Amino acid sequence: MNGWMGKILRINLTEKSVREESIDLDVWKKYLGGRGYGAKVLYDEVDSTVDPLDSRNILVFATGPLTGTTAATSGRYSVTTKSPLTGTVMDANSGGKWGVWFKKCGYDALVVTGKSQSPVYITIYDDQVGIKNATHLWGKDVHQTTDMLMETEGKGVSVMCIGSAGENLVLISAIMNDKDRALARGGIGAVMGSKNLKAVVVRGTKKIEIADPERMKFVTYEANKLVRAHPITSKGLPEFGTSVLVNIINEAGIFPARNYQNSQFEAAEKISGESITDQILTKKAGCWGCIIQCARKTKTVNEEGEGPEYESNWALGANCGIDDLEVITEANYLCNKLGLDTISTGGTISCAMELNEQGIINTGLKFGDKNKLKEIIQQIAHREGIGDELALGSKRFSARYGAEEYSMQVKGLELPAYDPRGAQGQGLAYAISNRGGCHLRGGYVIGTEILGSPRMIDRFVSVGKAGYAVRSMDLGAAIDSMVVCRFSTYALNEYVWARLLTAVTGESYEPEEVIGIGERIVNLERLYNLREGFSRKEDTLPKRLLEEPVKTGPARGRTVKLQEMLDEYYQFRGWDENGVPGEKKLNQLGLEGNING
Amino acid sequence: MQIKVKLFASLRNQIGKKELDMNISDRDKISDVLKVLDLSEKENLITMVNGIHCKMDYVLKNGDVLSIFPMIAGG
């Protein structure tokens, strides 16, 4: 088999059973792998009666046909599960090297079901699979766990694991791999923790077969030239990392501060990508095989580590009113070690800060209080004191005090770092994302509304935005299933991806087919959420963004005009006014056998 | 009349400054300022005046803040 390895590994932790299955090639051709395959398995195997932390929930770790090939940015894999934070389908993807090491074991996906009685870790060395006692690792942080496993299992392995947050079923916990790479969102670390699964250690030596090596060589050469020539992937990202966005987003008046109370942060420059480069950067880094190198190795007075990335920098910084780059950086290191989603952690802390400020509950947390940041992060991961409540995420936490309007989330997932009141299309994107408040699942409309990529459109206009969101969503879903990095899409488009997929798999992919695969995946995820009881009323935004006009700056006076964009979006998708895909659309996508709503 | 120019990312090294005050003439456009700074319009620069995206033919006013970015992304 070419591109795909041809096998899936299924491990049931209740029975401690290991089973290999051949892949159903028709399914993989239709969904590619990664996020698409994950959505298909979740839809087929996890129904609405399954609680996300129940042993019947599953974790689908999946690579795609391009993972581990010479295609640009192909060092990625994804995980899919039902989220304990949102109750929706949840996929997350990560770089580093774990995905490639795993695929080289000879598998396209690992499906973990059941629950072990005591802590275990899984080892996969080519087709030698083990389930081992992890009692001695329980309670250790991500870095300690990784170091201990590399010591006992051998240096050539790659380790994916949870930290204390996942063990303690924190609903904003992440799964980490290769120490500082994160499958971050939706509390997926807690799903791994609920199964008493501490880590998955992999080392593979098998070859990924390429259908047409000559063609692959040629298309890779061409694609890499484009990546190396594009100003974003050749200059902006490698030179300044993702935090290069801080200043432009702040200048545009959509850089949220203090739990979205403000839309600009007066100290943005202090935490910008430029400042990171000047003050704490020690080395540029990147995922397996990547030629962009956007990751940052950094050093503070006290510690060394990775990051912060743009979102983490904002969530733990501006959103909490904190402007000390060293403090933010160390808080980010700590989240990585404890296995916490930095966006949701920052978004939940900022919510607690606002509740304190509003006099709703004395959380003892104040905007700008940098001395308490690391302490509260520890408390969240270990569920101590107020941290036990914050571990539930901002929606559940604020709801306890009748103050849900101060939780800046969609479907329970904390929002990222763009205030959509000054970028209408991004507001739509947050509302329609299948995994909740996210800039990468409902479309990265900021790309065209603010960054002018591929072209600049009027960010304040709401009419006509649905098409941009749909295109970004569908291409994104395909990208997440190949699995490659979203950053490659600045330089490459579906024409290049179709040729790479054709060269790797030997199947003939057309550009519009690649987009069509993405559309199929987005629709299947929507069907999953509908079956879970989600509907139009959850495709919404926090009250603040819909009703509270921006107070100052370039976006002053604006709110998100959501309902008109939502109508347009459903129409564009071929869905009814409640956001239910119509029969015609499902037939067109080959989803006709699936339950409608 | 006077405007403030703010530069970001790689443009800071290119120009050697983070920001500068500039005296310009009436009816000077963004493109005229770029010429003075030796920046090419062809580089797909992103230009904002007072935080609002403006095109090269935008006529600047006294007190305007012109922010200039190279093509960047992240997220």
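Chain A folds into 24 helices and 17 strands. With a radius of gyration of 22 Å, close to the 25 Å that the globule rule gives for its 597 residues, chain A is as compact as a globular protein of that length. Keep in mind that this is a predicted model. Here's a quick tour of both chains.

**Chain A: the overall picture**
- Buried residues come to 67% of the 597 in chain A.
- Take the contacts in chain A between residues at least 6 apart in sequence: 70% of them link residues at least 24 apart.
- Chain A has an accessible surface of about 19,300 Å², and carbon and sulfur atoms own 47% of that.

**A look at helix 19 of chain A**
- This helix runs over residues 466-482, and at 1.5 Å a residue its 17 residues should span 24 Å; the end C-alpha atoms are 25 Å apart, so the two agree.
- Helix 19 is mostly covered, with 13 of its 17 residues buried.

**Chain B**
- Chain B has 2 helices and 5 strands, in the order β-α-β-α-β-β-β from the N terminus.
- A compact globule of 75 residues would have a radius of gyration near 11 Å, and chain B agrees with its 12 Å.
- The C-alpha trace of chain B spans about 35 × 25 × 20 Å along its principal axes.
- In chain B, 49% of the 75 residues are buried.
- The 11 positive and 10 negative charges of chain B have mean positions 3 Å apart.

Note on methods:
Residues numbered from 1 in each chain as written. Chains lettered and ligands numbered in written order. Predicted model: local features only at pLDDT ≥ 70, side-chain atom pairs only at ≥ 80, totals over all residues. Heavy atoms only, no water. Helix = DSSP H or I, 4+ residues; strand = E, 2+ residues; numbered from the N terminus. Expected span 1.5 Å × (residues − 1). Buried < 20%, exposed > 50% of the residue type's maximum accessible area, 1.4 Å probe, protein only. Rg over C-alpha atoms; globule rule 2.2 N^0.38 Å. Contact = heavy atoms within 4.5 Å. Areas by Shrake-Rupley, 256 points an atom, 1.4 Å probe, with all protein chains shown as cover. Lys, Arg positive; Asp, Glu negative; His and termini not counted. Charge placed at Lys NZ, Arg CZ, Asp CG, Glu CD.
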